[in-house]
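Please keep the coordinates open while reading.

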Amino acid sequence: MPDEAKPLSKTDDAWVPSVCMGCYNCCGIRIHRINGKVVDIEGDPESPNSRGHICAKGKARFLDLYDPKRLLKPMKRGNPEKGLGVDPQWTEITWDEALDTITARLTKVREEDPRKLVIAHFDMPGYGISKAFGAAFGTPNLHWNRADYCGAAPHVANLLLNGSFNGELDFERSNYMVLWGTQLGAIVETIPLHAANKMAEARARGAKLVVIDPFCTNAAAKADEWVPILPGTDGALALAMLNVMINELGQYDRVFLKSSTNATYLIGEDGRYLRHLVSGKPLVLDADGEAKPFDDPAVSDPVLEGNCTVDGRPGKPAFECLKEHLAKFTPEDASKITTVPVETIRRITAEFCEAASIGATVDIDGHQLPLRPAGIHFKRGSGAHKGGTHTSVSIHLLNLMVGNLDVPGGQRGVNPVGPFWAPEADEDGMLVPAQHIAKYNKPYPARDPKTPETLDLNELFPTALFTRGMFAWGIREPERFGIPYEAEVLLHCRTNLMMNSHNPETMAATLAKIPFQVSFATFVDETTEFADIVLPDSHDYERWDQFPVNDPYAFITPGPGEWYWLMRQPAVEPPGEAKPWTNVYLEIAERLGLLEELYTIGNDSWGLSEKHKLDPTVGASVKEIALRQAKSLLGDDFTFDRIQETACMITREKTIEEAYPRPFLTARAPIYMEHLIDAGEHVRAVTEKLGLEWDFAPYTPLLNYFPCHAHSHSHEAPDFDLFVVNFKIPFITFSVTVENLWINEIARGNPYTFNVMINRITAEKKGLRDGDRIRIESHFADGEGTVKVTELIHPDCIGIPGTLGHWARAYNVSKYQGTSFNNFLPAPSVEFIDTLSGQTDSCARVRVTKIG
Amino acid sequence: MSKYGMVIDLDRCNGCNACVIACKVEHNTANGIHFTKILEREVGTYPNANRQFVPVLCNHCEDAPCVEVCPTKASYSREKDGIVLVDWDKCIGCGACVLACPYDQRFQVKDESTGFLGSLVDFIKADTKRAPSGVIAKCDFCYHRVDEGRAPACVETCPTDARMFGLVDEALRTETDKEFPALDRVVSRNNAFSLLPDKNTRPNVYYIG
């Protein structure tokens, strides 16, 4: 099905409203085109997520349109050998030859076993097309990318407690904001332009900002207090703070715990809920001493503490279990583990509790709501470790305990409730996130684990959201997991797996194991070097996309405001023979005879109302699909005339229930993860059958700190005396913007980009100075770097930012600049993953020596 | 008479560098040259360390030494509003102004290439002009925008609204200035300071926070 990758207007001097794809955040923009050429980008003043602003990356990206190394024709590989640094020996071919070759291979694979096809991309507006393609083809191996890298564990904590995919803070009312291993408000996280502006406003208003991070990031630079911490020990700190909060200060929101969590649920000796003998519902102990089902209208004031016996069964409230359990996590022990001073642990906990003003209320539009002007936001830095789920949930329980979840002033989920979705309560009263928000797999309720059929091994992780980091393991060793086939074809675009994955040597071996790889690319990056066929892709200023581009599960500003929906439209045509990859998927589907099935699946999954569903025998281009989606969401009267001035369509103000959902929800958040007991037993049965060594330690309902391998095995190699730690830079997105010359100019002028950061005291001990070249060895790989001596990093760490150290043969701007952090990390294996979430461990110890 | 000025709130700047790229795009500046930059420095010692971001640009001084020193009168303060500009037709690239500017905000264009290494990619917008090789170039307060009542590109772009462009002299306000705030009260209320006051250049870029 051909598509119109053509702009709507072609006047000589036009501002074309569209949506940025410089990162995943979908900021509304206006593209300035003169004489057929893009000359400028501005934030769209009508779009609530940019309000006329734009970041360095978004502003600079149009330069990439005119990069001389852009691919204009398809190419095929001449060299059968694939590996790091191997010259692919490209020759240009016609589209016909390329598509004939691809179709022939896919036809063969589909006949043998369609699951041999793996689809890899991190291009979210294209998910709808590739998902329908994958389903029509018959493969479950979809969307291999590194979304898990940041959020496999942290997202789980948000889904369990908020019913949302992401988290944020109520900048407008918060008086005390904690960023824990993340830089919300410093242009490197979700909804960045909004968050940066609101964070600046909040600080100007006098809100306190505390940043917990081994490196003094841009976010920490704006903090009232920077708390350096040893990488991977965040769980120990969070548990000690919970202990201080509950057992020392006695500061927790009893009303909230009783109404909105499972704190009152009685726990039996086997760790499971004590259930009503008839209804099977979890029991609570009411103030009158009687045990009643949690939702019995007769329950007046269930207790949080104490012991009881119900029908001869001893039990105690989950809160009592947690309280007793936490007593062992003393600030003194935590201080030794984390290096955060005992005084700081106690003081920050007390400050947070005080700022949360437990019991306070505020009147908003006639609704009396809790006011908790304090919140903690967490992400990859704290969560991407061995015990990632427990750590993320431990941090998030600090929020829960003060009752600040999704209420004014507090921590908030990103749109757990929307115009056509809401979380539900299961039979136990526990919160189940809406499918529209959870998107992939729901971490609760736990699924039934089974022998994997998918190369991301998600069947072994019944409490995970997504396990994309496991593709590298499943593709390398399918037989180990009982997977009865091997990956044979990879359709890849817009995710640089070689650079963004743990341990490039392992990734190279993984890619080399896939016999046939097709890469859609604007220019040949490290991953595309492994391709057999390369197809010239369009830039996002050159394509239509499905509507809305900004999926509300992550890309509509949370809290009060408006529901807004953005449409991407092209401003210019692709150069040479380049085409939008989504269009090519439709072409391939047509050649495979799958188009009708693809559209049939799309009719059910693309948000099309009955009236606007497609005739699958006729089909539609991406542009027409977007039009039908827009009519379905916005009304029949939508036409493309609506996107002449702005690509942002505002439907209505959020209701109070959408802006501050928690007080209106009956579903409860867990302080006690009872479901993990059964989930663990079920996983054990499967892994034992497979003869797999597995880690069941985190399958416990009470929270714990699980040291990463780098901590638990530190005695084995004392000369590996430093941790390597990563941080993000506001003007670089992943590995995406690094080849942009304008960005590169800033990067080269900034000492914290292409260097390796070492604390002054550590550098003195090792005799290192600014500019020294060093060899860096982890237990997994070696690398090199250039020293920057600084006060801004924990003395037991070296800091390496971003996704740098590129080596693609075609690169001519950033090649060999900076050091690759991911290079030093372990590949996924049972020792280096969180078996609850599939999060891969980002802790590694290194030895640093001066070269020459 | 200086009419316009800028107030930069150092508390709001998070060092994201959006302004630097905005300026680059707006002026199609030659490779390696930035009319505005964010200077960074570390303060304190670990663990009581921090970093400071200080955006810098031409101060459009009332008593501009660069204008004073120019042998060809290429450097001048615009009559109507005091914006300090360089007339490239008159500039002989002698560099006297580069030495005279105490703020290091004048740049000799040695190679006007922009965009890609070794190539001349033409991104000139209808309303901006690229500085040719051999001349001195600098921040022009985006006079082409200001004349239309639009704030400079760096101001408009800044995600945290750390930069404020407006009038330092209300008496000079005209119809096209209606969107611009009055800066005199911002300056006096916030203990604003300017850089290198001992140079007596009477800068029009102020810092608060």
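Is A:Tyr816 buried or exposed? The model is a predicted one, and in it A:Tyr816 is exposed, because 12 other C-beta atoms lie within 10 Å and a residue with 12 or fewer counts as exposed. A:Tyr816 sits in the loop of chain A that runs between strand S31 (797-801) and strand S32 (845-850), and its phi is positive, near 65 degrees, although the residue is not a glycine.

B:Asn191 is a non-glycine residue with a positive phi of about 50 degrees, placed in the loop between helix H6 (184-189) and strand S9 (205-208) of chain B. B:Asn191 counts as exposed because it has 10 C-beta neighbours inside 10 Å.

|---|---|---|
| A:Tyr444 to A:Pro445, cis | near -5 degrees | between helix H14 (435-438) and helix H15 (471-476) of chain A |
| B:Tyr46 to B:Pro47, cis | about 0 degrees | between strand S2 (37-43) and strand S3 (50-56) of chain B |

Chain A is divided into domain 1 (1-66 + 540-573 + 618-663), domain 2 (95-150 + 443-536) and domain 3 (709-850). The centres of domain 1 of chain A and domain 2 of chain A, taken over C-alpha atoms, are separated by 28 Å, and the contact draws on eight residues from domain 1 of chain A and six residues from domain 2 of chain A. On the side of domain 1 of chain A that touches domain 2 of chain A, there are three nonpolar, one polar and four charged residues.

Chain A also contains a barrel, closed by six strands in the order S27-S31-S28-S30-S29-S32, with mixed pairing. Neighbouring strands of this sheet are turned against each other by 45 degrees on average, direction ignored.

**The contact between the chains**

In the contact between the two chains, 41 residues of chain A meet 36 residues of chain B. The elements of chain A that each supply at least two residues to the side touching chain B are strand S3 (37-43), helix H1 (56-60), helix H5 (192-205), helix H6 (218-221) and helix H24 (741-749). Which helix gives the largest share of that side? The largest share, six residues, comes from H5(A). By class, the side of chain A that touches chain B has 26 nonpolar, seven polar and eight charged residues.

H5(A) has 14 residues and spans 20 Å from its first C-alpha to its last, close to the 20 Å expected at 1.5 Å a residue. The helix is mostly covered, with 11 of its 14 residues buried; among them are A:Leu193, A:His194, A:Lys198, A:Met199 and A:Arg203. What covers the buried residues of H5(A) includes S3, strand S8 (176-180) and strand S9 (208-212) of chain A. After H5(A) comes A:Gly206, with a positive phi near 110 degrees.

Key:
Residues are numbered from 1 along each chain as its sequence is written. Chains are lettered from A and ligands numbered from 1 in the order in which they are written. This is a predicted model: local features need pLDDT of at least 70, side-chain atom pairs count only at pLDDT 80 or more; totals for chains, interfaces and linings use all residues. Helices (H or I, at least four residues) and strands (E, at least two) are DSSP runs, numbered from the N terminus. A residue is buried if 20 or more other C-beta atoms lie within 10 Å of its own, exposed if 12 or fewer, and partly exposed in between; C-beta atoms are placed from the backbone. Two strands pair if DSSP finds at least two bridges between them. Axes are lines fitted to C-alpha atoms, for helices over the stretch in contact, and angles run from 0 to 180 degrees between N-to-C directions. Domain bounds come from an automatic or database domain assignment. Two residues are in contact if their C-beta atoms, placed from the backbone, lie within 7 Å. Ala, Val, Leu, Ile, Met, Phe, Trp, Tyr, Cys and Pro count as nonpolar, Asp, Glu, Lys and Arg as charged, and the others, Gly among them, as polar. The expected span of a helix is 1.5 Å times one less than its number of residues.
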